[in-house]
Each structure stands twice: as C-alpha cells, then as structure tokens.
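Q: Can you walk me through this one? Keep it quick.

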Amino acid sequence: MSDIHIHRQHHLGLKAALDIAQQWAEQAEREFDMRCAFAESPDGHEVNFSRSGVNGTLKVTKDSFELNAKLGFLLGAFKDRIESEIASNLDRLLGAEGKPPKQRG
C-alpha cells in the first residue's frame, strides 16, 4: 500500500473551509467515482472518501486541510501522479490562500 499525505494551511475560517471541502467532495465523486461522507470530529470535520483501490480522509479545521489516503497495490504505481492531481485540485479550490510558498532553487 502507498500513502498520500497533503497538508495546507489557510486563513478562511471553518465555514468557508467546509464550503471548499464540499466542492472538493463533489468533484471527487463526479470525476473519480469516489463515495464521500462528512463526519464531525473533535477538532473539526472530516470528509471520508473511498472507492475501489483507495480510501482516506480530508480533515477540515478553521485553519488547515489535511488529506490522508491509502492506495491499493494497483493504484500505488501511480502514487506520484495521483498525489500531484489531488494537491493541484485542492490548491485550485483554495486559490492562492492555501498554496505553500514557492521554493527557490
């Protein structure tokens, strides 16, 4: 199994962050045939997502998004591409607000 971990800080507050999480979940369902369900957690909210070969959570708080996913054997070969696509989609939804600083070098 391959693991994906993506973390983004933001200054949106919980309500706006939940709106973005809803958009992300709708896009994941539509484009990747994911099953998504929202749940409240002690320190925020979570979107639990799954489909054949992948499952994970998107934890949403007033100041961060944290996505953790486990890829099955077959999808593990595409981990880098999948991780890049998920990060890109989340960054696009967050706009410049949630993007990490560009690295120089």
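**Chat notes**

A: Start with W24, which is placed in helix α1. Helices (H or I, at least four residues) and strands (E, at least two) are DSSP runs, numbered from the N terminus. This is a predicted model: local features need pLDDT of at least 70, side-chain atom pairs count only at pLDDT 80 or more, and totals for chains, interfaces and linings use all residues. Residues are numbered from 1 along each chain as its sequence is written, and side-chain values use heavy atoms, with hydrogens and water left out.

Q: Is W24 buried or exposed?
A: W24 has 7% relative accessibility, so it counts as buried. Buried means under 20% relative accessible area, exposed over 50%, partly exposed in between (1.4 Å probe, protein chains only).

Q: What is W24 in contact with, leaving aside neighbours within four places in sequence?
A: V47, F49, L58, L67, I86, L90 and L93. Contact means heavy atoms within 4.5 Å.

Q: How many aromatic pairs does a search of the whole structure find?
A: The search finds 1. W24 and F49 have ring centres 5.2 Å apart and planes at 65°, so they are edge-to-face. F49 lies in strand β3 (residues 44-51) and W24 in α1, so the pair ties together parts that are 25 residues apart in sequence. Both W24 and F49 are buried.

Q: What are the cut-offs for a pair?
A: Rings of Phe, Tyr and Trp (its six-membered ring) pair if their centres lie within 6.5 Å. Planes under 30 degrees apart count as stacked, over 60 as edge-to-face and the rest as tilted.

Q: New topic. What volume does the largest pocket have?
A: About 370 Å³. On a 1 Å grid over the protein atoms alone, a pocket is an open set of points where a 1.4 Å probe fits, with protein on both sides within 12 Å along at least five of seven lines. Lining residues have an atom within 4 Å of a point.

Q: Which element supplies the largest share of the lining?
A: α3, with 5 residues. Helices α1 (14-32) and α3 (79-94) each supply at least two.

Q: What about the lining by class?
A: 10 nonpolar, 2 polar and 3 charged residues. Ala, Val, Leu, Ile, Met, Phe, Trp, Tyr, Cys and Pro count as nonpolar, Asp, Glu, Lys and Arg as charged, and the others, Gly among them, as polar.

Q: Staying with α3, which of its residues are buried?
A: E83, I86, A87, N89, L90, D91 and L94. These buried residues pack against β1 (2-9), α1 and β5.

Q: And what comes just after α3?
A: G95, with a positive phi of about 70°.

Q: Which residue other than glycine has a positive phi?
A: D33 is one, with phi near 55°. Most residues other than glycine have a negative phi. D33 sits in the loop between α1 and β2 (35-41). At 59% relative accessibility, D33 counts as exposed.

Q: Last one: where is L71?
A: In strand β5 (residues 64-71). L71 is buried, with a relative accessible area of 1%. Its C-alpha is 5.7 Å from that of G53, 18 residues apart along the chain. Beyond neighbours within four places in sequence, the contacts of L71 include M1, I4, V54 and I82.

Technical notes: Grid points are joined across faces, edges and corners, and a volume is the space filled by probe spheres set on the points.
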